[in-house]
Amino acid sequence: LKEHEVMRDHTTMRVGGVADYYYEAKSVDELVKAVKAATKAEIPYFILGGGSNIIFSDFGFPGLVIKNSSANIAFMNEKSQAIVDAGVPLLTFILEATSHNFAGLEFLYGVPGTIGGAIYGNAGAYGQAIGDFVKYVTVLMPSGEIIQQEASWMEFGYRESVLKKETGFRKPVILSVRI
């Protein structure tokens, strides 16, 4: 856990002030523990992926920024599916999928960020969107409950998901996705 972390160092636009606290979660378990600790301490939290679609205020962030660096990928060849941690960079997943003879997400090649961020914003290009490929999402709810939901729960739309419509500092957190 770091105090007074400069957020411009964690975004592609290289702007932003100081966060009160900063923590890098290297696994889904660490991510869950960090969110639950912030909730218990009544500290606002923000989940940061690749930092490519976010600009922090020059006034900083009054709470805990949690960098999601969870990086597990499990391929289920018999189902032509993969379970991917939300912190996996999108490019990493596309290249790994290709090396396992999985295809379909190449349209996202070159889109920066993580799987979690791509799902959150229903990233897309060339008339396709990642939401079209999602089977299930595993989400940490503000109550602390971990649930798995079908893709329809996400209410994907053009660059939209149900999670983008949530307001406040206590939003559901994407942990992993089955694609």
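Predicted model: local features only at pLDDT ≥ 70, side-chain atom pairs only at ≥ 80, totals over all residues.
What volume does the largest pocket have? Residues are numbered from 1 along each chain as its sequence is written, and side-chain values use heavy atoms, with hydrogens and water left out.

The largest pocket has a volume of about 870 Å³. A pocket is here an open set of points, on a 1 Å grid over the protein atoms alone, where a 1.4 Å probe fits, with protein on both sides within 12 Å along at least five of seven lines; lining residues have an atom within 4 Å of a point. Grid points are joined across faces, edges and corners, and the volume is the space filled by probe spheres set on the points. The lining of the largest pocket comprises 34 residues, and F46, I47, G116, G117 and Y120 lie nearest the centre. At least two lining residues come from each of β3 (45-48), β4 (61-68), α3 (115-120), α4 (162-165) and β11 (173-178), where helices (H or I, at least four residues) and strands (E, at least two) are DSSP runs numbered from the N terminus. By class, 17 of the lining residues are nonpolar, 14 polar and three charged; Ala, Val, Leu, Ile, Met, Phe, Trp, Tyr, Cys and Pro count as nonpolar, Asp, Glu, Lys and Arg as charged, and the others, Gly among them, as polar.

The second largest pocket has a volume of about 210 Å³. Of its 15 lining residues, F102, A103, L105, F133 and I179 lie nearest the centre. Both β6 (81-85) and α2 (90-99) supply at least two residues of this lining, and the largest share, four residues, belongs to α2. Nine nonpolar, four polar and two charged residues make up the lining of the second largest pocket.

A search of the whole structure finds one salt bridge, defined as a side-chain nitrogen of Lys or Arg within 4 Å of a carboxyl oxygen of Asp or Glu. The side chains involved are those of K165 and E155, at 3.8 Å from N to O. This pair links distant parts of the chain, with K165 in helix α4 and E155 in the loop between β10 (146-150) and α4, ten residues apart. K165 is partly exposed, with a relative accessible area of 49%, and E155 is partly exposed at 43%; buried means under 20%, exposed over 50% and partly exposed in between, with a 1.4 Å probe and protein chains only.

Backbone geometry sets E155 apart as a residue other than glycine with a positive phi, near 50 degrees. N101, likewise not a glycine, has a positive phi of about 60 degrees. N101 is found in the loop between α2 and α3 and is exposed, with a relative accessible area of 75%. Most residues other than glycine have a negative phi.

On the surface, M13, V15 and I55 form a nonpolar patch with about 280 Å² of accessible area together. Patches are made of residues with over 30% relative accessible area and no salt bridge, like charges being joined within 9 Å and nonpolar side chains (Val, Leu, Ile, Met, Phe, Trp, Tyr) within 5 Å; areas come from the Shrake-Rupley method with a 1.4 Å probe, and for residues only the protein chains shown count as cover. V15 is found in the loop between β1 (2-6) and β2 (18-25) and is partly exposed, at 31% relative accessible area.
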